[in-house]
Amino acid sequence: MSLDPELINDCVHCGFCLPTCPTYALWGEEMDSPRGRIHLMKQHVEGTPMTPEMAGHFDACLGCMACVTACPSGVRYDRLIEQTRVEVERQHVREPRERAVRGLVFSLFPYPRRLRLLRPGMWLAERLAPFLGRANPSLGAMAALAPRVEHRQRLPRVVRARGERRAVVGMLTGCVQGEFFPQVNAATARVLSLEGCDVVIPRGQGCCGALSVHSGLDGQARRLASRTVRVFERAGVDTVVVNAAGCGSSMKEYAELLGREPGFRVMDLSEYLAELGPVAKRHPLPVTVAYHDACHLAHAQGVRSQPRELLGAIPELELREIPESAICCGSAGTYNLLQPQAARDLGDRKAKAVGTTGAELLVSANPGCTMQIAAAMRRGGAEIRVAHTAEVLDASLRGVSL
């Protein structure tokens, strides 16, 4: 994969992207804006070597795609930054310390079995974070972000529809979602079942490749994506439902990554439920909810109204909007581990915005966002309960409290 000059030339440098870019909002530097980075891409295509400074500006990009939403010229910055990151990984020689951190992250997070080994010690992570942070900021961030993990919940290979069967769907369990938020997968399967779906959950899924795609690790991304496609094609489903925004975004672009369309369509849970339409009864949930737009759901997939419609249809639930909802929380896949200070600043900004809503519950559709905002709220001394859209729907459909 190499940089496409035609995509670069689509940018007319109008500046509509500037106010939407989180790093430009933080630092006000032109080269840390989308159009500034596109200028650097153009320089590189025209022969300028990949300097450490240039690589640093590309590394600082969150890949949140807010600029794609804002761009009036339809510039495919999403494709450009992914192509550029492959170039960075091929040409830029990182410092040993940085290589070690990245090696740890990408040999750990895309592999559910390895993540599972961390679970017994997760309760210590928050206490250890200050000490690890002094040794290495990325290790400190990793410990501070660690969620309080519930007991592992093994799901059967098929969860049958309750009542009349309306559809058959596959379900991605994911790596971080499956190991750190097993209750979200269980809630997702129950909601789909209660809405009349047979839910097929094939064994051997692993990571979908999203973290690798977003970080320029092209070979690893293709391997993981190919395995995911094989697993779901063998399962014989025509729709795969995904409950993690970053995973869904990458899976929807498998054709570009792998050079062929997979034998199934990919839909976010809220997107699928909105299309399917409700049949199960909603019981009241008297709670005030702040809904957070995960960037890879709102910007990359264009899924904004569906989660709000689903939450808004629950009796007695009050939905509150978060100011600056289009600005990234700083999670962005592995960004909060590899760029911890910038991520912390954005997390603190998002936590303040969430705090202004006065909501009792923060709802998000991405595990990274959930960990990032929860950690930032704890730092600010204003803890808030967090839940996935699936968990809220599950509680309403079953008539239980959150």
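The structure holds 27 salt bridges, a salt bridge being a side-chain nitrogen of Lys or Arg within 4 Å of a carboxyl oxygen of Asp or Glu. The model is predicted, so that local features need pLDDT of at least 70 and side-chain atom pairs count only at pLDDT 80 or more, whereas totals for chains, interfaces and linings use all residues. Residues are numbered from 1 along each chain as its sequence is written, and side-chain values use heavy atoms, with hydrogens and water left out.

One of the salt bridges joins Asp-218 to Arg-222, with 3.0 Å between the closest N and O atoms. These two residues, Asp-218 and Arg-222, lie about one helical turn apart because they are four residues apart in helix H14 (residues 218-235).

The secondary structure comprises 23 helices and nine strands, taken as DSSP runs (helices H or I, at least four residues; strands E, at least two) numbered from the N terminus. The C-alpha trace spans about 65 × 50 × 45 Å along its principal axes.

The chain is divided into domain 1 (5-91), domain 2 (97-145), domain 3 (158-276) and domain 4 (287-398), with bounds from an automatic or database domain assignment. The C-alpha centres of domains 2 and 3 are 26 Å apart. Eleven residues of domain 2 are in contact with 13 residues of domain 3 (heavy atoms within 4.5 Å).

Between domain 2 and domain 3, zero salt bridges are counted. On the side of domain 2 that touches domain 3, the elements giving two or more residues are helix H7 (96-108) and helix H8 (112-116). The largest share, three residues, comes from H8. By class, this side has eight nonpolar, no polar and three charged residues, where Ala, Val, Leu, Ile, Met, Phe, Trp, Tyr, Cys and Pro count as nonpolar, Asp, Glu, Lys and Arg as charged, and the others, Gly among them, as polar.
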